[in-house]
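Hi,

Here's the structure I said I'd pass along.

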Amino acid sequence: MAAALLLAPACGNGDDEPSPASPSPTSSPTSPASPTSETAGAPRITMEDFAFSPDDPEVRPGEKVTVVNKDSAAHTVTATDGEGFDTGSIDGGESGTFTAPSEAGRYAFVCTFHPNMTGTLIVR
Ligand SMILES: [Cu+2]
């Protein structure tokens with residue numbers, strides 16, 4: 001019985017590169033569009049997909065409201081009463097502001113460019 005010596009040519013481990021062991025625990029699915037940090041209490045209205053969100057924002061009398069247009073088209077927030085408030089035209093990707101009426105109540109508003117975009121500002 002000739003024992004076959006298996007000559008394992010112990011390969012010179014010339015490749016001693018440190019394995020990039022980065023067990024990155026991707027636990028949270030990174031959302032591509034992280035919402036910008038909102039100041040607590042600061043009311044804001046988003047225009048997206050030709051709609052206001054929320055479409056019934058609640059604000060305080062005389063409060064400054066930020067309006068963010070996420071569409072590519074220009075929009076406005078314009079009180080239908082005429083003398084309530086008006087952001088004027090806000091280009092796509094831009095933002096604007098308006099000041100809420102000083103009297104409590106419900107104020108319907110609309111986008112003057114797209115009359116089907118409507119909402120109601122609730123001042124209380
Ligand atoms: Cu519009």
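Starting with the metal: the copper ion has His75 (ND1), Cys111 (SG) and His114 (ND1) as its protein donors, at 1.9 to 2.1 Å. Donors here are N, O and S atoms within 2.8 Å of the metal (3.2 Å for Na, K and Ca), and water is not among the atoms, so sites may look incomplete. Along the sequence the donor spacing reads H-x35-C-x2-H. Cys111 and His114 are both buried (under 20% relative accessible area, 1.4 Å probe, protein chains only).

Residues are numbered from 1 along each chain as its sequence is written, and side-chain values use heavy atoms, without hydrogens or water. The average pLDDT is 82, with 65% of residues scoring at least 70. Residues 33-39 fall below 50, and that stretch has 2 contacts (heavy atoms within 4.5 Å) beyond near neighbours in sequence. Where pLDDT is low, the predicted coordinates should not be read in detail.

On the fold, 4 strands (DSSP E runs of at least two residues) make an open, mixed sheet ordered E2-E1-E4-E6; strands pair if DSSP finds at least two bridges between them. E2 (52-53) and E6 (95-99) are at the edges with a single partner strand each, so one side of each has no neighbour in the sheet. E1 and E4 run parallel, joined by 4 bridges; Thr46 has Val68 in E4 as its bridge partner.

Cheers

Terms used:
Predicted model: local features only at pLDDT ≥ 70, side-chain atom pairs only at ≥ 80, totals over all residues. Buried < 20%, exposed > 50% of the residue type's maximum accessible area, 1.4 Å probe, protein only. pLDDT = per-residue confidence, 0-100.
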